[in-house]
Amino acid sequence: MEHSNPMHGTAAISENYWGQATSTIDWCEENYVMCKYIAEFWNTVTNLAFLSLAVFGMWKVRSTGQENRFLLCYLGMFVVGTGSWLFHMTLQYQWQLADELPMVYCTCVCIYCALRADAKVGTDVFISLALFSYSAVVTLVYLQVRNPVFHQVAYAVEVFIILIRSTMHQIEIRKSNWRAYNEMKQLFWAGAGTFGMAFVLWNVDNVFCANLRAIRNSLPPFLAPFFQLHAYWHIGTAIGCYASIVYQQYLRLVMLGTVDRYRLRWMTVGIPYIDAASKTD
């Protein structure tokens, strides 16, 4: 949804460092208010959640000796965070694509993980080609259509496939491994819950933008950022995406019969990760 962009108080920057916005979307955050080099400051810096969780995930994959498919998932998450940073920093169309299209590509890798969770060895060429074709078609159509709703639907279809396949696996696991089922359920709700709350805030930010801007303009500068709801979308989706990848890692370990060699652990702030089991576990 496109919005006009009135300046936020007297602190607004008069010049657009990156030039006139060429993106098909201009979010609710007022542009060039906090810094002349960043169009949407809070929508930009909150992508640190994507970048930091992706790096942490890649480190845990390597340190625990898990498969490279999950390294690709976290690498894709890092690329999405980088693209989103550049998009919100510049509001340029080419960086909008660098944000949105990698979401499709990264989720295709996660779909492959979900569909091939129970495969012992080898690569499924048919699934790989199907996902590559889907990504190619979405890319080509989106470059012509330039309608963000098309991208949102294409991405939602991917998420739906992952949810359905993962739920089917989880139902089977419940019959044979109750501990694994309970831990997978925790991961599922950590991912789906944060993603769902972020989605609600994303919609509120779109629908009630004028009201939110009025609230921010009436507040002291140090309180106004707490009503930048699209920034919360970034944090929530970062945690949701990260937790969903951890879920796929755990699912894979269960399917391979090696889950007892690992432990699901949680940081104090509620971030899950998989670690090698210690002698005291």
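Which helix gives the largest share of the lining of the largest pocket? Keep the question in mind while you load the model, which is predicted.

**Stop 1: the largest pocket.** Select Met103, Tyr155, Val159, Phe195 and Cys241. Of the 43 residues that line the largest pocket, these are the closest to its centre. The volume of this pocket is about 1000 Å³. Next, colour α3 (68-90), α4 (93-115), α6 (148-176), α7 (178-207) and α9, each of which supplies at least two lining residues. The largest share comes from α9, with 11 residues. Sorted by class, the lining has 26 nonpolar, 15 polar and two charged residues.

**Stop 2: the cavity.** The structure holds one cavity of 30 Å³ or more. The largest cavity has a volume of about 50 Å³. Two or more of its lining residues come from each of α2 (48-63), α9 (229-256) and β2 (272-276). Select α2 to see the element that gives the most, four residues. By class, the cavity lining has seven nonpolar, four polar and one charged residues.

Stop 3: Select Ile215, Phe222, Leu223, Phe226, Phe227, Tyr232 and Ile235, which make a nonpolar surface patch of about 630 Å². Now pick out Phe227, in the loop between α8 (209-218) and α9. Is Phe227 buried, partly exposed or exposed? Phe227 counts as partly exposed because its relative accessibility is 31%, and partly exposed covers the range between under 20% (buried) and over 50% (exposed).

Methods
Residues are numbered from 1 along each chain as its sequence is written. This is a predicted model: local features need pLDDT of at least 70, side-chain atom pairs count only at pLDDT 80 or more; totals for chains, interfaces and linings use all residues. Side-chain values use heavy atoms; hydrogens and water are left out. On a 1 Å grid over the protein atoms alone, a cavity is a set of points where a 1.4 Å probe fits but cannot get out, and a pocket is an open set with protein on both sides within 12 Å along at least five of seven lines; lining residues have an atom within 4 Å of a point. Grid points are joined across faces, edges and corners, and a volume is the space filled by probe spheres set on the points. Ala, Val, Leu, Ile, Met, Phe, Trp, Tyr, Cys and Pro count as nonpolar, Asp, Glu, Lys and Arg as charged, and the others, Gly among them, as polar. Patches are made of residues with over 30% relative accessible area and no salt bridge: like charges are joined within 9 Å, nonpolar side chains (Val, Leu, Ile, Met, Phe, Trp, Tyr) within 5 Å. Accessible areas come from the Shrake-Rupley method with a 1.4 Å probe; for residues, only the protein chains shown count as cover. A salt bridge is a side-chain nitrogen of Lys or Arg within 4 Å of a carboxyl oxygen of Asp or Glu. Buried means under 20% relative accessible area, exposed over 50%, partly exposed in between (1.4 Å probe, protein chains only).
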